[in-house]
Each structure stands twice: as structure tokens, then as C-alpha cells.
Amino acid sequence: KKHMFGRLLSNMRRLKVTKANAMHNRRLFSAIRAPVPPFTKESALIKVQKAEDAWNTQDPVAVSMAYTEDSEWRNRSVFVKGRKQIQEFLADKWKNELDYKLQKMYWCHGDNRIAV
């Protein structure tokens, strides 16, 4: 955990996130990771809400930590893979979308996946 937090702080410095915010986000994102698979409908709904709350902080590093290292995203014609690309994508996105708020909607889930 120490090594992961050190890497998180390093990334946050690169993105000019303060240490106070980093400590807050460490607690926040520890909570976001739960619940973990296998998912029930109830735990999937909780996870979706936590992801929405994290996304709306507009902190790219913190949001990326809620996803696995090898996450794959598609946003219209943009394909993103991995936390580093997620961070870059979100930082760029939020430079232009200052009042952006995300609302995630649960569609379905499997043992280890949630569709929103």
C-alpha cells in the first residue's frame, strides 16, 4: 500500500494536486474501491454511485485509482487504456468542461463487471 500511495502522490504532483488533497483522496478512494467483485445488484448499485461521486470531484488521478490498471474506456471515438491514459484523458476533458457533472446509470452486472 505504501508503494502505491507513493506512486499516487508522484502522479498528483505531476498534475499539481496538493498534499492535503492527496490525503483526502487517499481516504476517499480507499472507500471507493469497495465493494469489490463478485457483485450483487445491491453492491453494484453502491459501486456505481461511488464511481459517480468520484468522477464529479474532477480529480483525474483520484478517479483513475478507482479503476484497474488495465481498464479500457471508450468515449465517442476516443479509446483509452490504462490508468495513465485515463488520467491524461480526464485532465484534458476537464480543462474544457468546467461545469461538467456525470450521472452514471446502472444497466446490468456480472460477477466481476458492471455496465453503466
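Mentor: Begin with burial: a residue is called buried when its relative accessible area is under 20%, exposed when that value is over 50%, and partly exposed in between. Keep in mind that this is a predicted model.

Trainee: Is Ser43 buried or exposed?

Mentor: Ser43 has a relative accessible area of 11%, so Ser43 is buried. Ser43 sits in helix α3. Leaving aside residues up to four places away in sequence, Ser43 touches Pro35 and Pro38.

Trainee: Where is Pro38, and what is the form of the peptide bond from Pro37 to Pro38?

Mentor: The general idea first: most peptide bonds are trans. The bond from Pro37 to Pro38 is cis, with omega near 0°. Pro38 lies in the loop between α2 and α3.

Trainee: How much of the chain is buried?

Mentor: Of the 116 residues in the chain, 37% are buried. The chain exposes about 8000 Å², and carbon and sulfur atoms supply 54% of that area.

Trainee: What is the order of helices and strands along the sequence?

Mentor: The chain has 5 helices and 4 strands. Along the sequence they follow the pattern α-α-α-α-β-β-α-β-β.

Trainee: How confident is the prediction, and where is confidence lowest?

Mentor: The average pLDDT of the chain is 81, and 72% of the residues score at least 70. Confidence is lowest in helix α1 (residues 2-14), where the mean is 52. Strand β2 (residues 78-81) has the highest value, 95.

Trainee: Which residues have a positive phi although they are not glycine?

Mentor: Most residues other than glycine have a negative phi. Gln58 has a positive phi of about 55° and is not a glycine. Arg76 also has a positive phi of about 55° and is not a glycine.

Trainee: Where are Gln58 and Arg76 placed?

Mentor: Gln58 is in the loop between α3 and α4, and Arg76 is in the loop between β1 and β2. With a relative accessible area of 24%, Gln58 is partly exposed. Arg76 has a relative accessible area of 71%, so Arg76 is exposed.

Trainee: How do I read contacts between residues that are apart in sequence?

Mentor: Look at how far apart in sequence the partners are. Among contacts between residues at least 6 apart in sequence, 52% join residues at least 24 apart. For a spacing between two named residues, take Pro60 and Asp92: they are 32 residues apart in sequence, and their C-alpha atoms are 9.3 Å apart in space. Pro60 is in helix α4 (residues 60-64). The relative accessible area of Pro60 is 11%, so Pro60 is buried.

Conventions. Residues are numbered from 1 along each chain as its sequence is written. This is a predicted model: local features need pLDDT of at least 70, side-chain atom pairs count only at pLDDT 80 or more; totals for chains, interfaces and linings use all residues. Side-chain values use heavy atoms; hydrogens and water are left out. Helices (H or I, at least four residues) and strands (E, at least two) are DSSP runs, numbered from the N terminus. Buried means under 20% relative accessible area, exposed over 50%, partly exposed in between (1.4 Å probe, protein chains only). Contact means heavy atoms within 4.5 Å. Accessible areas come from the Shrake-Rupley method with a 1.4 Å probe; for residues, only the protein chains shown count as cover. pLDDT is the predictor's confidence in each residue, from 0 to 100.
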